[in-house]
There are 2 protein chains.
Amino acid sequence: MESNNLDVNLANQHDILRSRLNQEGLRLTGPRQKILDLFVMTSEGEHLSAEDIYYQVTTKGEKISYSTIYRALHMMVDLGIMREVELAEGRKYYELRTSLAKQHHHLVCVQCGEVHEFEDHRVTKASQQETLGHGFLLRDCQFTVYGICQTCQLSAI
Amino acid sequence: MESNNLDVNLANQHDILRSRLNQEGLRLTGPRQKILDLFVMTSEGEHLSAEDIYYQVTTKGEKISYSTIYRALHMMVDLGIMREVELAEGRKYYELRTSLAKQHHHLVCVQCGEVHEFEDHRVTKASQQETLGHGFLLRDCQFTVYGICQTCQLSAI
DNA sequence: TTGATTATTGAAAGTTATTTCTAATAGAAA
DNA sequence: TTTCTATTAGAAATAACTTTCAATAATCAA
């Protein structure tokens with residue numbers, strides 16, 4: 001669906017995003033570029049919350065407001081560029097969206113918050129079959145496994 | 001793990017819950033009984049939020065406070081009697097917990113909120129394998145498929 | 001059964017992630 | 001450029017919980 005080649009350079013990413021936004025009468029602004037850059041530079045398996053974004057931007061000496069961050073995130077989710085994931089309690093995390101085929105899922109330690117990503121074609125297939133069976137149009141699916149990691153098991157003597 | 005036979009009568013359910021609570025130095029109080037009763041009487045596939053509970057209790061002319069509801073829900077989740085599920089945005093839903101073997105998952109319409117429950121042993125197996133592979137102790141898993149139901153597809157002409 | 005102990009309750013105040021509001025700013029099309 | 005209007009920052013508002021605390025009530029022991 002989306003052509004999210006993470007290896008094209010940032011300028012290129014900006015052009016792609018700009019035309020995608022302009023199609024919809026939206027604009028590629030400075031804050032939106034900064035936010036996208038953070039995600040492009042974030043290694044796979046890492047996820048950013050609004051607060052993470054706020055601190056990463058302001059730590060560089062630049063300014064941004066939370067309202068801008070939230071609006072940009074929602075916009076990119078609506079456009080299908082990003083995905084909202086539920087990892088820890090009480091806040092939302094975001095990641096760049098990849099195609100359905102290489103959709104990944106999350107294994108989360110409920111104590112320390114450690115997150116592993118994994119792929120499982122059975123899960124992907126299950127989501128497709130289930131939507132088909134009920135006449136639904138598939139939008140997204142989230143498979144999150146909660147457990148306690150080895151480190152936390154040991155430290156809970 | 002838990003013996004949640006939904007067909008035993010309420011008085012029996014209360015006795016079971018009471019001894020379970022007393023084991024931990026906790027008490028079975030009026031509000032807790034009312035909340036449990038709502039869940040026992042709720043048909044499968046339905047889920048209750050704190051607000052749902054508040055309205056169902058107060059509509060009967062009885063009183064309850066949100067703090068009591070939230071405290072009771074957390075307690076029952078901690079005891080493994082209930083499960084917290086993420087269905088719609090912005091709030092949490094709760095359901096009685098069944099054994100891992102017959103763990104079910106959710107197909108949600110992102111427009112109207114319609115929820116279907118389904119079981120899929122492949123998903124259950126995937127969660128077990130993934131936790132095992134990383135040395136995690138499995139606590140729970142949530143598989144939620146988001147889509148648009150047939151009715152909403154048609155009404156979006 | 002009765003009283004002592006202490007978990008639990010309701011009401012109100014507090015918290016926190018997110019959203020809305022508004023005047024000022026700045027992309028993009030002409 | 002200039003015009004049009006999407007977007008911004010910052011502050012105020014919201015919504016879903018959570019905490020606090022004095023009053024109440026479930027349980028245990030006698």
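Which element supplies the largest share of the surface near DNA strand D? That share, 4 residues, comes from α4(B). Near means that a residue has a heavy atom within 4 Å of the strand. Helices are DSSP runs of H or I with at least four residues, strands are runs of E with at least two, and both are numbered from the N terminus.

Before going on, the ground rules. This is a predicted model, in which local features need pLDDT of at least 70 and side-chain atom pairs count only at pLDDT 80 or more, while totals for chains, interfaces and linings use all residues. Residues are numbered from 1 along each chain as its sequence is written, chains are lettered from A and ligands numbered from 1 in the order in which they are written, and side-chain values use heavy atoms, with hydrogens and water left out.

I'll start with chain A. The chain has 6 helices and 6 strands. Read from the N terminus, the order is α-α-β-α-α-β-β-β-β-α-β-α. The C-alpha trace of chain A spans about 50 × 45 × 30 Å along its principal axes.

One sheet of chain A is open and has 3 strands, in the order β1-β3-β2, with antiparallel pairing. Strands pair here if DSSP finds at least two bridges between them. The edges are β1 (48–49) and β2 (82–85) of chain A; each has a single partner strand, so one side of each is left without a neighbour in the sheet. Between β2(A) and β3 (residues 93–96) of chain A there are 4 bridges, and the two strands run antiparallel. One residue pair to look at is A:M82, whose bridge partner in β3(A) is A:L96.

α2(A) lies across β1, β2 and β3 of chain A and runs at about 75° to β3(A). Contact means heavy atoms within 4.5 Å. The axes are lines fitted to C-alpha atoms, for helices over the stretch in contact, and angles run from 0 to 180 degrees between N-to-C directions.

Next, the two copies. Chain A can be laid on chain B with an RMSD of 0.1 Å, by a turn of 179° and a shift of 0.0 Å along the axis. The two copies are thus related as by a two-fold rotation axis. In chain A, the C-alpha nearest the axis belongs to A:F143, 2.1 Å from it. The same surface serves both copies, with 100% of the contact residues of chain A recurring in chain B. The superposition is by least squares on the C-alpha atoms of residues with pLDDT of at least 70 in both copies.

Now back to the DNA, strand D. There are 23 residues around DNA strand D, of which A:R32, A:T68, A:R71, B:H74 and B:R91 come nearest. Sugar and phosphate account for 73% of the atoms of DNA strand D that come within 4 Å of the protein. For polar contacts, the pair is N or O atoms within 3.5 Å; within protein, one must be able to donate a hydrogen and the other to accept it, and residues adjacent in sequence count only if both atoms are side-chain atoms. A backbone N or O atom of A:R27 is 3.0 Å from a phosphate oxygen of DNA strand D. In chain B, a side-chain N or O atom of B:R27 lies 3.0 Å from a base nitrogen of DNA strand D.

Last, strand C. Of the 22 residues around DNA strand C, A:Y70, A:H74, A:R91, B:R32 and B:T68 come nearest. A polar side-chain atom of A:H74 lies 3.1 Å from a phosphate oxygen of DNA strand C, and for B:T29 the corresponding value is 2.7 Å.
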